[in-house]
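Here is a briefing on side-chain contacts and strand pairing. Please keep the sequence and structure in view while reading.

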Amino acid sequence: MWRTRAAAACVICRSLANSSCGIKRKSPLQNLHLVCRSIHHPSYPSSKFQRPPLRISIQLFSSLNRLPLRKTKLLNVKYGYQFHRNFWLARLASRLLKVRYLILGSAVGGGYTAKKTYDQWKDMMPDLDEYKWIIPDFVWELDELIDFEKLIKALPDADDLAKLLPDFDKIGESFASLKGFLSPGAPGETAFRATDQGYDNDKQFKKGLLGELILLQQQIQQHEEEARRATGQYNMGSSQQKRKVSDKEKIDQLQEELLRTQLKYQRMLERLEKENKELRKLVLQRDDKGIHQRKLKKSLIDMYSEVLDILSDYDASYNTQDHLPRVVVVGDQSAGKTSVLEMIAQARIFPRGSGEMMTRSPVKVTLSEGPHHVALFKDSSREFDLTKEEDLAALRNEIEIRMRNSVKEGCTVSTETISLSVKGPGLQRMVLVDLPGVISTVTSGMAPDTKETIFSISKAYMQNPNAIILCIQDGSVDAERSIVTDLVSQMDPQGKRTIFVLTKVDLAEKNVASPNRIQQIIEGKLFPMKALGYFAVVTGKGNSSESIESIKEYEEEFFQNSKLLKTSMLKAHQVTTKNLSLAVSDCFWKMVRESVEQQADAFKATRFNLETEWKNNYPRLRELDRNELFEKAKNEILDEVISLTQVTPKHWEEILEKTLWERVSTHVIENIYLPAAQTTNSGTFNTTVDIKLKQWTDKQLPNKAVEVAWETLQEEFSRFMTEKKGKEHDDIFDKLKQAVKEETIKRHRWNERAEDSLRVIQHNALEDRSISDKQQWDAAIHFMEETLQSRLKDTESVIEDMVGPDWKKRWLHWVGRTKEQNIRNETKNELEKLIKCNEDHAAYLANDEVTTVRKNLEARGVTVDPCLIKDTWHQIYRRFFLKSALNHCNLCRRGFYYYQRHFVDSELECNDVVLFWRIQRMLAITANTLRQQLTNTEVRRLEKNVKEVLEDFAEDNEKKVMLLTGKRVQLAEDLKKVREIQEKLEAFIEALHQEK
């Protein structure tokens, strides 16, 4: 029985050994089971058997699935582990044989050892009769139940087994090719190569899944050729009328087969792109979380975009032009420019309108890869999540607001560029500029020069010899109505940097009577312009609420069912916005590599020229640009504001007291002192003075005092701002300081509560009539005398102007009087006679007195107007009154003794001296109060306003450009920008070389 089993086992072993002849192996014995080798081939070193490692490198994730695969134990074909697909009899035999091999190996291999140790272990081993159930009975009856001869015949031969197993070498090559395809390489080496006929013979795509894609494309081309030949045969003369039906069937069959192959190719390509997108997103997310523990560098496209942003603000005044590549999107209005750009960016990011102009300024969009689909502006840190509809709406609203703000008054479009960055998984890296749509007619509401402005903006971007022109043509309208094609043909006559895009192909297919017209457009035979490539796309059904995914599905569905593809009018690589995006990205990076180094050399030469010019003109000055100069001026202004706090209290009070008295002295003399002096006794004088002072304090005085304090603060602030600091003074800051001063004064407002508190203090000061000592009395006399002398001098000057020069000046300076002066002089002489006759005359002339004076003058032949008489009387009486008051002031110098006795038993009354003492004391107390308000509150508030103004100016670049001007500033600014551009270009070139 044992021999029979052994013989059967040997037959099976030999069969398995012979069946692996078509498979690579080191030795046939390796294909036998371990137990079989130990039974039938004891000489083979099975105890030292080790499984060698696999030669192919299998990664833990595959491009054939979205998620990484789980680790599985792959069965190597070099050993006896094999999958037997759909052969249940073979699987049953292998399982049963496995149990038999264990039993036979244990019996034969261990028999000899068991016999030698049997005697030693006999006493130690228990009785095993009770454990016979461990080995089932059917095992001993396998030879009777199973016919091994039939089983051997039922097993497949070696060729069949080899076909059942996968080709692991081919799988390894596919994984290697796919790894190279998914790994980040040169930006130009994209999946677009699969759609480009120029790369069909490239060896690196001949292996693996990508090789299959290339073979599919070749099959598509072969089917296209066969379809054309069959079509030609179908259209031959009457000699082939009999074969018409069969040829038509053959043509339909070929076209269906071609379409199926194209769809298969497209699905495989889309699957690869989708898996590539998922894998890249996973890798970027790991990098974003810091799994690799490395510092992420700035992406290549972001570095390039920064250079373009600087160049957009750079004034090329030294014959240095911006020739760096970017994709310029041009087209007629409502041709679908913005929709194509949104499909490339994979988000509805632009504001939309029905037939009206929405793109009012150039919009630069930088597309780059990232783990999340977000958008942000160059001058803002806010990120808009493009997967959320509310963020998309906010982004569209922000773009529309920026466009409207950039348009100046009286204009429709703007040349100011809005810079936007869009990141997301699977986005092609490139820089696009969306320009306003070209129009043929200026409608109502537009500026008259709108059409010319749009043309000039488009030409300015397209005349760049390295710019890629993405020409958008509306397929739903007649080609003869196109304006942009003529403009593009002027800018790029040879079509070396133009890509033509026909939009709204779905509408064109329905509306165009002859589909061949679409074919002529795509083949470049209808328009006079030339292009690198021609594409046909569909950007939706015209509904602004459509999502990008729904538009993609609609586009794919349309082209799958379109007659344009079925009849070979369009090729598969010429349709869909995805293929367009790949083509544009490939052309963009090709142009960048060809031109960026040349531009870097041009800026290097410009930098050398600017540095030489600076050394020749400003050898001892630092190269400070506008921002650095502003910071320097800012520090100087703040230092000058701080100097206000160092002004002494005495200086403040002297200035305030003097200025306040200059403002109120006229009111005190004319409205208080002069009316009170007309009274007959001291009681009436004091009562009149109290009433007048109370009215003045309640209504005018506090407000006038605050005005004086604010003007004083302005004068001191202006003095510090305009004062030159000797040799260190830089007049380049004068305009900025003046603007800061004016804006600060405009913003500053005095504390509203200051007047209320000041009114109470002034009222209390004026109510006090008690002069405590002789020193205060003398100070009041001196103050009164100075005031009256100053007023008398002013009055004398006014009278002299009225009557003309006296006889001394007429003889010495040879001047004469005018006719009016002669009349006034005669009037003056007549009025002086009136005052001499009555020294106690009132301040005003009565009507009869005016008549008397007029008649006396007429009697001497002088005709005079009554108003002139009154006007002259006012000045004559004023002079008389001031002289009388000065004489009275001199008499009161020794009147302090009588004042202490309240002028009892004395004819001398000095109430006017007391009045001036009260005014003087009020001025001193008011000046002290205002000084405290200045130093404690207003100076600090003014300093705060200055800081706010400086901060506002720092954020307003236009204001800085207007206030900091001159050749020196412009030269430093240009030098800084050229250096920055050159450094960033060199860094970009270095990163570009490393990526290669």
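A salt bridge here is a side-chain nitrogen of Lys or Arg within 4 Å of a carboxyl oxygen of Asp or Glu. Buried means under 20% relative accessible area, exposed over 50%, and partly exposed in between, with a 1.4 Å probe and protein chains only. This is a predicted model, in which local features need pLDDT of at least 70, side-chain atom pairs count only at pLDDT 80 or more, and totals for chains, interfaces and linings use all residues. Residues are numbered from 1 along each chain as its sequence is written, and side-chain values use heavy atoms, leaving out hydrogens and water.

- Lys960 is buried but has no salt bridge. The nearest side chain of opposite charge is Glu631, 6.8 Å away. For charge, Lys and Arg count as positive and Asp and Glu as negative, while His and the chain ends are not counted.
- Lys960 sits in helix α35 (residues 957–963). Helices (H or I, at least four residues) and strands (E, at least two) are DSSP runs numbered from the N terminus.
- Leaving aside residues up to four places away in sequence, Lys960 touches Arg626, Asn627, Phe630, Phe953 and Ala954. Contact means heavy atoms within 4.5 Å.

**Salt bridges**

- The whole structure holds 40 salt bridges.
- Asp379 and Arg402 meet at 3.0 Å, N to O. This pair links distant parts of the chain, 23 residues apart: Asp379 is in the loop between β3 (374–377) and β4, Arg402 in helix α14 (residues 389–406). Asp379 is exposed, at 58% relative accessible area.
- Glu623 bridges to Arg979, with the closest N and O atoms 2.8 Å apart. The two are 356 residues apart, Glu623 in the loop between α21 and α22 (626–644) and Arg979 in helix α36 (residues 967–995). Glu623 is partly exposed at 30%, and Arg979 is partly exposed at 22%.
- Lys737 and Glu636 form a salt bridge at 3.2 Å, N to O. Helix α26 (residues 734–747) carries Lys737 and helix α22 carries Glu636, 101 residues apart. Lys737 is buried at 4%, whereas Glu636 is partly exposed at 23%.
- A salt-bridge network links Glu796, Lys828, Glu832, Arg879 and Lys883.

**Aromatic rings**

- Rings of Phe, Tyr and Trp (its six-membered ring) pair if their centres lie within 6.5 Å; planes under 30 degrees apart are stacked, over 60 edge-to-face, and the rest tilted. The count is 16 aromatic pairs.
- Tyr304 and Phe588 pair edge-to-face, at 5.7 Å centre to centre and 80° between planes. They are 284 residues apart, in helix α12 (residues 300–313) and helix α21 (residues 577–617). Tyr304 is buried at 0%, and Phe588 is buried at 0%.
- Tyr673 and Phe916 are edge-to-face at 5.4 Å and 80°. Tyr673 lies in helix α23 (residues 649–677) and Phe916 in helix α34 (residues 911–955), so the pair ties together parts 243 residues apart in sequence.
- Ring pairs join Trp661, Tyr673, Phe783, Phe881 and Phe916 into a cluster.
- The charged end of Arg402 sits over the ring of Phe377, 4.0 Å from its centre. The rule is NZ of Lys or CZ of Arg within 6 Å of the ring centre and within 35 degrees of the ring normal.

**The sheet**

- Nine strands form an open, mixed sheet ordered β4-β3-β5-β2-β6-β1-β7-β8-β9. Strands pair if DSSP finds at least two bridges between them.
- β4 (384–385) and β9 (533–536) stand at the edges with a single partner strand each, so one side of each has no neighbour in the sheet.
- Strands β1 (residues 327–331) and β6 (residues 430–434) run parallel, joined by three bridges.
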